[in-house]
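Take a moment with the sequence and the 3D view. The paragraphs below lead from the whole chain to its core, and then to one pair of helices.

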Amino acid sequence: MPNIKEIFSTTLAVITGTAMYILLNWIPIIGPLIVGFIAGFIAKGSVKRRFLSGVLSAIIGFVILLLFVFSKWGLNNILLLWIILLWNLTGIVFAGIGSILGSMISSTADMMSKFRRFDSSIHQYTGKTIRFNICPNCGISNPTDAVYCTSCGAAIVVRNDGGRYS
Ligand SMILES: [Zn+2]
């Protein structure tokens, strides 16, 4: 079952992709490749979902262009009709390829940010274990849970930010 975040990102990916396809479809190969890449990057979830977002963007974009632009060009010209069909079929294929590339880059970026979070949590953890309370009287290091200095017995006031004497 897809969650809300996946549904939202897929919808956003298809809307963005469709708009971009309408604008970029005249650029051969690179245009639909960019469209697919962006759609695949935005759509969260499985590679299949990202791929479909890219392909769907190109198909919806093509249908909109067919209805509002190409239909005015006189599609009774068979040669022109074939060029338009082949051009957009190629566009849909390259949007699919672009979406797989976009999904790979997006997944790698997600993985790296997860790793960074993991890395910083380790730092926080080790930070806690080496933190001591410095005795205001004799200056010796005490464990964080110490109320009185282990060396001279003076009271240690622990501050809220987790560490040292005040
Ligand atoms: Zn002390």
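**From the chain to a helix pair**

Of the 166 residues in the chain, 30% are buried. A residue is buried if 20 or more other C-beta atoms lie within 10 Å of its own, exposed if 12 or fewer, and partly exposed in between, with C-beta atoms placed from the backbone. This is a predicted model, in which local features need pLDDT of at least 70, side-chain atom pairs count only at pLDDT 80 or more, and totals for chains, interfaces and linings use all residues. Residues are numbered from 1 along each chain as its sequence is written.

The chain has 4 helices and 2 strands. Their order along the sequence is α-α-α-α-β-β. Helices (H or I, at least four residues) and strands (E, at least two) are DSSP runs, numbered from the N terminus.

Next comes the core. The largest nonpolar core holds 22 residues. Those with the most contacts inside it are V35, I38, A39, I42, V55, A58 and A95. At least two residues each come from α1 (4–24), α2 (30–42), α3 (47–68) and α4 (78–129). The most come from α2, with 8 residues. Such a core is a set of buried Ala, Val, Leu, Ile, Met, Phe, Trp, Tyr and Cys residues joined through C-beta atoms within 7 Å. In soluble globular proteins, nonpolar side chains tend to be buried together.

What does I38 touch, leaving aside residues up to four places away in sequence? I38 touches T16, G17, M20 and G102. Contact here means that two C-beta atoms, placed from the backbone, lie within 7 Å.

Now turn to α1 and α3. They pack at an angle of about 40°, with their axes 8 Å apart. Axes are lines fitted to C-alpha atoms, for helices over the stretch in contact, and angles run from 0 to 180 degrees between N-to-C directions. The two helices are therefore oblique to each other. Angles under 35 degrees count as roughly parallel, over 145 as roughly antiparallel, 65 to 115 as roughly perpendicular and the rest as oblique. On the α1 side, the contact includes A13, V14 and Y21. On the α3 side, it includes S57, G61 and I64.

I64 counts as partly exposed because it has 15 C-beta neighbours inside 10 Å. Not counting residues up to four places away in sequence, I64 touches T18 and I22. I64 and Y21 are 43 residues apart in sequence, and their C-alpha atoms are 10.0 Å apart in space.
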